[in-house]
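This briefing walks through one protein model, topic by topic, for a reader who is new to looking at structures. Please keep the sequence and the 3D view open while reading.

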Amino acid sequence: MPPALHTDLTAALRPLLAELHQSPELFQTWNAHLELVAAGGLVVVKSKRAKGLVDSLFWGRAPGSSENKQLPEATAFAAIDRFLGLGAHLALSDALPEGAVLDEAFPHCAVKLVYRKKGAPKAKVLSMIFIGFNDEADAIAYAERAEGKLPLVMTRPLMADRLHEWR
């Protein structure tokens, strides 16, 4: 069975995060935690709004460095936006098995997002780990090499306890 591609989900997530970055006043509450590993570097976005107060932290680590540095908000969101703009995405269906690691040649991003827009009846929640590729052919080739080694999503929507598409 071929893996399930998530490009539609990441394509919908991209403008939502841009809106959160550019027009936060449209949201009643949010709690966003994104960790992107790409080209040996790390970018982390943590932002939360609760009871009218916003608390945000944007930091990263350059390739080959062990020192974390604060990043400008725009830089952090731009890195996440580039990742979400890739041609294809696969997702993990569960935590990695012990000893398994993701191939550093392919960027991956853990996304935990809870938000409620103003006037919306309830909050929406997403918890996923995406792997990005230039195109669908790269994604399928990666999945074939990783078969049995990585818990890739095979059917959609993913609705496990810890990792899941929108609820």
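Predicted model: local features only at pLDDT ≥ 70, side-chain atom pairs only at ≥ 80, totals over all residues.

Is glycine 52 buried or exposed? With a relative accessible area of 51%, glycine 52 is exposed, because a residue counts as exposed when this value is over 50%.

- The model contains an open sheet of 7 strands, which are arranged in the order 4-3-2-1-6-7-5 and pair in the antiparallel sense.
- The edges of this sheet are formed by strand 4, residues 69-70, and strand 5, residues 88-91, each of which pairs on one side only.
- As a general point, the strands of a sheet pair through backbone hydrogen bonds, and this pairing can be either parallel or antiparallel.

**Pairs of strands**

- Strand 2, which covers residues 41-50, and strand 3, which covers residues 53-61, are antiparallel partners joined over 9 bridges, and within this pair valine 43 stands opposite glycine 60 of strand 3.
- Strand 1 and strand 6 also run antiparallel and are joined by 10 bridges, with glutamate 35 standing opposite alanine 110 of strand 6.
- Strand 6 is paired with strand 7 as well, again in the antiparallel sense, over 8 bridges.
- In the hairpin made by strand 6 and strand 7, 6 residues lie between the strands, and glycine 119 takes a positive phi near 85°.
- Strand 5 and strand 7 run antiparallel and are joined by 4 bridges, and the bridge partner of histidine 89 in strand 7 is glycine 132.
- Strand 7 is mostly covered, since 7 of its 10 residues are buried, where buried means under 20% relative accessible area.

- Helix 2, made of residues 73-84, lies across strand 1, strand 2, strand 3, strand 5, strand 6 and strand 7, and it runs at about 110° to strand 2.
- Helix 2 has 12 residues and reaches 17 Å from its first C-alpha to its last, which is close to the 16 Å expected at 1.5 Å a residue.
- Which residues of helix 2 are buried? They are Ala76, Phe77, Ala79, Ile80, Phe83 and Leu84, and because these residues cover an arc of only 155° around the axis, they lie on the same side of helix 2.

**Loops between strands**

- Alanine 39, in the loop between strand 1 and strand 2, has a positive phi of about 55° although it is not a glycine, and alanine 39 counts as exposed because its relative accessibility is 69%.
- Lysine 51, in the loop between strand 2 and strand 3, likewise is not a glycine and yet has a positive phi of about 55°, and its relative accessibility of 84% is the reason why lysine 51 counts as exposed.
- Glycine 52, the residue of the opening question, is also found in the loop between strand 2 and strand 3.
- Glycine 52 and threonine 29 are 23 residues apart along the chain, and their C-alpha atoms are separated by 7.8 Å.

**The segment after helix 3**

- Proline 157 lies in the segment after helix 3, and the peptide bond that joins arginine 156 and proline 157 is cis, with omega at about 0°.
- Aspartate 161 is found in the segment after helix 3, the helix that covers residues 136-146, and aspartate 161 counts as exposed because its relative accessibility is 73%.
- How many residues apart in sequence are aspartate 161 and glutamate 25? They are 136 residues apart in sequence, and in space the distance from C-alpha to C-alpha is 31 Å.

Terms used:
Residues numbered from 1 in each chain as written. Heavy atoms only, no water. Pairing = 2+ DSSP bridges. Helix = DSSP H or I, 4+ residues; strand = E, 2+ residues; numbered from the N terminus. Contact = heavy atoms within 4.5 Å. Axes fitted to C-alpha atoms, helices over the stretch in contact; angles between N-to-C directions. Expected span 1.5 Å × (residues − 1). Buried < 20%, exposed > 50% of the residue type's maximum accessible area, 1.4 Å probe, protein only. Arc of directions from axis to C-beta.
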